[in-house]
Amino acid sequence: VNYKIYQEVIKLKRKIALFVTLFILVTVLIPSQVFAEGDKGLQEAIKAAKGKLSIPDSFTEFNYNVITEDDRQVWYLSWNSKNGNDGSISVRIDDQGTILSYYYYRPYDYNQRKLPAVSRQEARVKAEEFIKKINPDALSQVKLVDNHQQNSLMEVAYYFNFIRMVNGIPFDANNIFVEVNRETGDVQGYQYNW
C-alpha cells in the first residue's frame, strides 16, 4: 500500500514539474499573441487573478503570455520578487476568468525540515476553502479521492485529488488537484482540469 501511495505522489510531482516546464517554455519561447484587444484582455486577466489570489507586494516583476487553447484565450501570468529570494507565483487563467492553475514557489531549505504544523484534516479544509474561493461551483461536483493518506516526513505538502462525479459515477478526466504546505497551511499548488 505504501508503494502505491509513493507512486501516486511521484505522478503528482511529475505533473507539477511538467506544468512549471511548460509555463517556462510558453513564457520564454513562444512570442506573445496580443491582438487589438490584448491589453484589455490582459488587464481583465490580471484583475480576475488578483481578485481571487493574494499577490505579495514584494512580487514586483511581472511577465505574461497569451495563447489560444480550445478556441479560448489563456493567459499565463507570472509574478516574481525582485531579488528572487521571496519566490514566485504562476497563474494560468482563461478569458472567462477561470483560474486553470496556480503555483506559489517559495524557496525552501530542505536541510531545515520540520514536523508538520498542520494536520492532514486541517489541510483538507484549506484545500476545500481554496476551491470554493477560486471556483465556487466546482466543489459541489467533486469528491476527494483519498489516495495520499500517508505522507513521508520528506514531503513538504499534503496532496489532494478531487475527482468530478457525474450522477454518482467518477469521471476521472475531470479533476481538481490541490497542494497544501504542511508547515504553513498555505495552498501552494492548484490545477483545474475540466
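I started with phenylalanine 62, which comes out partly exposed because its relative accessibility is 30% (buried is under 20% relative accessible area, exposed over 50%, partly exposed in between, with a 1.4 Å probe and protein chains only).

A note on what I'm looking at: this is a predicted model, where local features need pLDDT of at least 70, side-chain atom pairs count only at pLDDT 80 or more, and totals for chains, interfaces and linings use all residues. Residues are numbered from 1 along each chain as its sequence is written, and side-chain values use heavy atoms, with hydrogens and water left out.

Next I searched the whole structure for aromatic pairs and got 8. To pair, rings of Phe, Tyr and Trp (its six-membered ring) need centres within 6.5 Å; planes under 30 degrees apart are stacked, over 60 edge-to-face, and the rest tilted. One of the pairs is phenylalanine 62 with tyrosine 64, stacked at 6.0 Å centre to centre and 20° between the planes.

I then checked tyrosine 64, and it is partly exposed, at 28% relative accessibility. Its ring also pairs with tryptophan 75: the centres are 6.2 Å apart and the planes sit at 40°, so I logged this pair as tilted. Tyrosine 64 is in strand β1 (residues 61-69) and tryptophan 75 in strand β2 (residues 72-80), 11 residues apart (strands are DSSP runs of E, at least two residues, numbered from the N terminus). Tryptophan 75 is buried, with 1% relative accessibility.

Phe62, Tyr64, Trp75 and Trp79 make up one aromatic cluster.

Last, I looked for charges over rings (NZ of Lys or CZ of Arg within 6 Å of the ring centre and within 35 degrees of the ring normal). Arginine 106 has its charged end over the ring of tyrosine 104, 3.8 Å from the centre. Arginine 182 does this with tyrosine 158, at 5.0 Å from the ring centre.

Methods. Helix = DSSP H or I, 4+ residues; strand = E, 2+ residues; numbered from the N terminus.
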